[in-house]
Amino acid sequence: MRGITKRFPGVLANDHVDFVLEAGEIHALLGENGAGKTTLMNILYGLYQPDEGEIYVNGRPAAIRSPHDAIQLGIGMVHQHFQLVPTFTVAENIVLGLPSRREPFLESRRQVHQQIAEVSRAYGLAVDPSCLVWQLSVGEQQRVEILKALYRGATVLILDEPTAVLTPQECERLFEILLALVQGGKSVIFISHKLDEVMAISHRVTVLRDGRVVGTARTQDITKQELARMMVGREMRPIEKPPASPAGPVIALQDIWAHDDRGLPALRSVSLEVRAGEILGIAGVDGNGQAELEEVLTGLRRPHRGRYLLAGQDVTHASARELFEAGLAHIPADRNRFGMVADMTLAENSILGLEGKPPFTRFGMLRYREMEQHCSHLIREYDIRAPGPAAFAGTLSGGNAQKLILAREISRRPKALVAAQPTRGLDIGATEYVRRKLLEQRERGCGVLLISTELEEILALSDRIAVIYEGQIVGMVDPACVDIEQLGLMMAGAIKEACELPPRPPADRPTAPGSAGHER
Amino acid sequence: MSDRATFPSAHRPSPAMSVLLKGSPVLAVILALLLGALIIAAVGVSPLAAYQSMIKGAFGSPRALTQAGLRAVPLLLISLGLTLAFRSRIWNIGAEGQLYMGAWVATLFALSFPNLPPALMLPGLLLAGFAGGALWGLVPALLRAYLGANEIVTSLLLNYVAIFWVSYQVRLPMKDPTSFLPQSAVLPAPASLPVLPGTRLHIGVILALLLVPLIAFILWKTPLGYRLRVVGSNPDAARFAGIDVPRHIIIVMVISGGLAGAAGMIEVAGVHHRLIQDISPGYGFTAIVVALLGQLNPFGALLASYFFASLVIGADSMQRVVGLPVALTEVIQALVVLFVLASEAFRRHRSRVVG
């Protein structure tokens, strides 16, 4: 790809980008969110047309006007969001849209299954072709997507942030598959903003920043620090954390039990306490009750037993709106689904939850000027990269969307803040920003409950860590005296109470973890 | 569907004219009429003469204009309610039934209190019509809000219940004993909507016109409208922000059902002066297209409902003057609808790919 330029209204997404993929390599495309990685690859896959520049495939100029053209040229793409039909089988998904050799009939099932099995075996992509897609795990669905591209004769495979949705184990499986693919003569473009995996898997790496190529290097010739600097444009500062000076409890859960959506027990006798001016981290492997805990805390799910106190007030049966008004702020784990209304403006989004209140409503009428002023203020104050309050929220990149949610939630100066996966999917710059803001809230005297599956984040930010496993708090530890491995074992349910908290005066002592009485 | 209708500015209703002129609906109408011309020519009628009679019939005389205006009133009332509902992504397909129930309750009211003075009779009628439609809309609303039943299915099926209920009423309990037709007795004189001096337009026109800015105001200028738009665009975010989603489903269905019921009342009190079996030629269904064509914008609904009404009046005249078969005039109407909707889809598709 040579001199690729793509403009969107108000943004230069790609600015004369040169990119060369050699046969048989894994080439990482590294950059922060909004750096133009996905745009560049969408151009290569024919989803966008470049405003300038040429594409050459095997040395010959190629006009790629649609994904169909790209597939003809042997280019396959696995999107971040899978494009599968959940109620079809794996095999049906793979042949979907392809002409059959026996038109008007479909291909013989046996033959298709056999062909899929051959490709699967060659690259270690174990998937049962007769399974229905909705029954598969995320990692398996990704393999189906890869198979789909290979079945269409792809020799170049583009993977857009493939690890974002995978567990660490599934990531390793994916890396093995990718290595098998390049050994089989395929080439892979691997879009990512995670340095570790780029270092681990790629042969070469091209770094994009603000739509421009910062540089291309062989991975073995470059260090993680250098890559980080290229990507962010400056050195990362480690987060400094002054010692906590917690006051009284703002959130107290006492023996909380709750079911998940299927009616199975999800929280089992959870008791915990978050004090004003501290960050309590909830560590755990995804799916151990974190989502339900978040929902109970924010009034979106009813516990069927136990008590929930917010700043001393019993809010066990309060609605989301009542909790909001009692001073609870919430940064949801699924920010696009819960935090934003994509086809409303930033100004309108910036007052979500405050819409009936002065100064945004007076005499029963919404006041757009106040809204826009409030939003402009947030945009300035929180360094949100957006065209202005009248832009639609759906046009924001992930990091800026999160900044807007963060800005909206903490500009109310809440007493307590529930932050769930606050930096998931964010690039380095935005991650650092969000973490600083959480610490600022703690300094201000807000009680912060941080739910995160990223241990590094939990360790960096928390004053105390509660480990959740199968819906129980299995331990309460001090981040100063526990290491990642110990914590990892606790998260896997292997050990409990790795390290007692230093003794405190009785009045100040956090509620004893409730797990003791309810061992299985 | 059109819940994603794009607006020049998310919170300010666009100037009325720009709605139909933006994009290519005008071009779409021309293309549809050209295709229609081929069909008309194929049955041996001069397309030029046919369209002349159509345009003359729809716009050629004050009488034609008033007729279209009268036809547009129920379409506008209903499509305004549907605009609110569809914006909240509540798919009320039951406006036809809500219209019938409004018509029935209003008739019941007028026949029960025949001696009320007009000053009480008219507000009473409006209230009765609104209540009839609102209650009929409340049924699918409650089923959806608290049991999660799909309102498309329930509201659609309730149409038939309402239509047959009215059919039963005008054949047996409410039947006019002096007539052989399935219709109620004539309403008492005070229950007849006053007519604007010098025209044949009844005051329902004014009511419908006043509601246009009112609905726009609710949608863009009040916290209620804000919440409805949040519920429509992202119900999860609405729940997260503490908006009571079931309550808003109910509010929206009551308003849209109520407006359909008011349309039914107007057909009874303003046009037929009694309840008849086929009180509506499918206004409740046509209004769905009108609301979508108006891009879920109240001012758009105003233009679209008048456009539709003229199309129907013009087609009638085409049939009378040049003797085109009824079926064919309906084909031409349908072509116009299809082309306009297609141009809308095309425009939106293009803007998404480019943007």
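Predicted model: local features only at pLDDT ≥ 70, side-chain atom pairs only at ≥ 80, totals over all residues.
Local features are reported at pLDDT of at least 70 and side-chain atom pairs at pLDDT 80 or more, while totals for chains, interfaces and linings use all residues. Residues are numbered from 1 along each chain as its sequence is written, and chains are lettered from A and ligands numbered from 1 in the order in which they are written.

In chain A, an open sheet is formed by 6 strands in the order β16-β19-β20-β13-β21-β22, with mixed pairing. Helices (H or I, at least four residues) and strands (E, at least two) are DSSP runs numbered from the N terminus, and two strands pair if DSSP finds at least two bridges between them. Strands β16 (328-331) and β22 (472-477) of chain A each have a single partner strand and stand at the edges, so one side of each is left without a neighbour in the sheet. From one strand to the next, the twist averages 20°; angles run from 0 to 180 degrees between N-to-C directions, and axes are lines fitted to C-alpha atoms, for helices over the stretch in contact. Strand β21 (residues 464-469) of chain A pairs with β22(A) in the antiparallel sense over 5 bridges, and Val467(A) has Gly475(A) in β22(A) as its bridge partner.

Two helices of chain A pack on this sheet. Helix α9 (residues 290-297) touches β13 (279-283), β19 (416-420), β20 (447-452) and β21 of chain A, and its direction makes about 155° with that of β20(A). Helix α14 (residues 398-410) touches β16 and β19 of chain A, at about 175° to the direction of β16(A). Two residues are in contact if their C-beta atoms, placed from the backbone, lie within 7 Å.

Strand β6 (residues 75-78) of chain A runs parallel to strand β7 (residues 156-160) of chain A, joined by 4 bridges. Met77(A) stands opposite Ile158(A) in β7(A). Both faces of β6(A) are covered, with Ile75(A) and Met77(A) buried on one side and Gly76(A) and Val78(A) buried on the other. A residue is buried if 20 or more other C-beta atoms lie within 10 Å of its own, exposed if 12 or fewer, and partly exposed in between, with C-beta atoms placed from the backbone.

The contact between the chains takes 27 residues from chain A and 20 residues from chain B.

Gln421(A), although not a glycine, has a positive phi of about 45°. Gln421(A) is buried, with 23 other C-beta atoms within 10 Å.
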